[in-house]
Amino acid sequence: MSVEINNESGVGVDEESIAALAAHVLGEMGINPLAELSIVVVDEDAMAELHEKWMGEPGPTDVLAFPMDELRPGGGARGEGDGPADPALLGDVVLCPQVAARQAEEAGHSAAEELELLCTHGILHLLGYDHAEPEEHKEMFGLQSRLLESWQEVRNPR
């Protein structure tokens with residue numbers, strides 16, 4: 001997996017850990033090892049601008065996902081179907097550590113854990129998962145939880 005991280009936020013984040021998490025999630029999801037993912041870490045002003053432009057909503061948000069290649073049966077990153085899986089440029093996950101820090105405090109865990117959750121969430125969006133409908137929500141958040149649990153097992157083996 002090729003995971004590129006560009007931190008434009010002015011906030012220190014553990015880029016190595018985020019890249020390792022992203023590679024873990026992609027591997028667990030069966031994504032072609034030649035696939036490429038970009039993670040961009042931005043400040044609140046940049047995130048608010050992106051949120052307004054692409055979602056039509058004011059103010060900064062925690063994570064946005066911008067898919068690049070269409071994921072299709074028989075090709076694309078997931079390679080479902082009869083054909084071989086082709087490598088793909090998955091797209092960009094954009095994270096805002098300032099928003100993540102506030103959410104982490106409300107949730108009672110670390111900002112690093114919140115960024116891991118948001119990164120995983122963004123990657124699932126790139127892979128075509130959504131949570132608009134109750135069944136989609138259940139599937140996506142269940143998968144997100146399982147991926148984060150498996151990540152913790154990799155990081156902290158017993």
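A contact is defined here as heavy atoms within 4.5 Å. The structure is a predicted model, in which local features need pLDDT of at least 70 and side-chain atom pairs count only at pLDDT 80 or more, whereas totals for chains, interfaces and linings use all residues. Residues are numbered from 1 along each chain as its sequence is written, and side-chain values use heavy atoms, with hydrogens and water left out.

The chain contains five helices and four strands, assigned as DSSP runs numbered from the N terminus (helices, H or I, at least four residues; strands, E, at least two). Along the sequence these elements follow the pattern β-α-β-α-β-β-α-α-α. Among contacts between residues at least 6 apart in sequence, 65% join residues at least 24 apart. Of the 158 residues, 40% count as buried, where buried means under 20% relative accessible area, exposed over 50% and partly exposed in between (1.4 Å probe, protein chains only).

Leu37 is located in strand S2 and counts as buried because its relative accessibility is 3%. When residues up to four places away in sequence are not counted, Leu37 touches Ser2, Val3, Glu4, Ala22, Leu26, Leu90, Gly91, Val93, Ile123 and Leu126. The C-alpha atoms of Leu37 and Asp92, which lie 55 residues apart along the chain, are separated by 6.3 Å.

A search of the whole structure for disulfides (pairs of cysteine sulfur atoms within 2.5 Å) finds zero. Cys96 counts as buried because its relative accessibility is 0%, and Cys119 is likewise buried, with a relative accessible area of 0%.

The largest pocket is lined by 17 residues, of which Met55, Val63, Leu64, Ala65 and His125 lie nearest its centre. Two or more lining residues come from each of helix H2 (44-55), strand S3 (63-67), helix H4 (111-126) and helix H5 (134-155). A pocket is an open set of points on a 1 Å grid over the protein atoms alone where a 1.4 Å probe fits, with protein on both sides within 12 Å along at least five of seven lines, and lining residues have an atom within 4 Å of a point. The volume of the largest pocket is about 330 Å³, taken as the space filled by probe spheres set on the points.
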